[in-house]
Amino acid sequence: MIGSHQGWVIHPGRILHEVLQAQGCTQSALAVMLRRPPQVISEIVGGKKSITADTALDLQQGLGISAEFWVHAQAEHELWAARRRRAE
């Protein structure tokens, strides 16, 4: 599983946060690079907004990490969240 930790699947925004830190890039710089409002990037990093296919393509171009990785990470998180809701 991508971004899993003790039975939890980490939101891809958290992964994005780690990538930005590793590359020395700020959320603001990423927003400019992707031509997105800074609030959108902040919401993704904060786990409040999903990474769409379009955003995944932009992240691929901007960060060099495949769109498939981002889409898969988002789908994995959504599936995990759905299973958790059903178990409650």
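Gln74 sits in helix 5, residues 67-87. Helices here are DSSP runs (H or I, at least four residues), numbered from the N terminus. This is a predicted model: local features need pLDDT of at least 70, side-chain atom pairs count only at pLDDT 80 or more, and totals for chains, interfaces and linings use all residues. Residues are numbered from 1 along each chain as its sequence is written, and side-chain values use heavy atoms, with hydrogens and water left out.

**Gln74**
- Gln74 is buried, with a relative accessible area of 4%. Buried means under 20% relative accessible area, exposed means over 50%, and partly exposed lies in between (1.4 Å probe, protein chains only).
- Leaving aside neighbours within four places in sequence, Gln74 is in contact with His11, Pro12, Ser50 and Ile51. Contact means heavy atoms within 4.5 Å.

**Helix 1 against helix 5**
- The axes of helix 1 and helix 5 come within 9 Å and cross at roughly 140 degrees. That makes helix 1 oblique to helix 5.
- Axes are lines fitted to C-alpha atoms, for helices over the stretch in contact, and angles run from 0 to 180 degrees between N-to-C directions.
- Angles under 35 degrees count as roughly parallel, over 145 as roughly antiparallel, 65 to 115 as roughly perpendicular, and the rest as oblique.
- Pro12, Ile15, Leu16 and Val19 in helix 1 meet Phe69, Trp70, Ala73, Gln74 and His77 in helix 5.

**The aromatic pair**
- The structure holds 1 aromatic pair. Phe69 and Trp70 form this edge-to-face pair, at 5.1 Å centre to centre with 85 degrees between the planes.
- Rings of Phe, Tyr and Trp (its six-membered ring) pair if their centres lie within 6.5 Å; planes under 30 degrees apart count as stacked, over 60 as edge-to-face and the rest as tilted.
- Phe69 is partly exposed at 25%, whereas Trp70 is buried at 0%.

**The core**
- The largest nonpolar core has 19 residues, and Leu16, Leu30, Leu59, Leu63 and Trp70 have the most contacts inside it. Helices 1 (12-23), 2 (27-34), 3 (38-45), 4 (53-63) and 5 each give it two or more residues.
- A nonpolar core is a set of buried Ala, Val, Leu, Ile, Met, Phe, Trp, Tyr and Cys residues joined through side-chain atoms within 4.5 Å.

**Helix 3**
- Val40, Ile41, Ile44 and Val45 are buried in helix 3. These buried residues fall within an arc of 130 degrees, so they line one face of the helix.
- The arc is that of the directions from the helix axis to the C-beta atoms.
- Pro38 and Gln39, on the other side of helix 3, are exposed.
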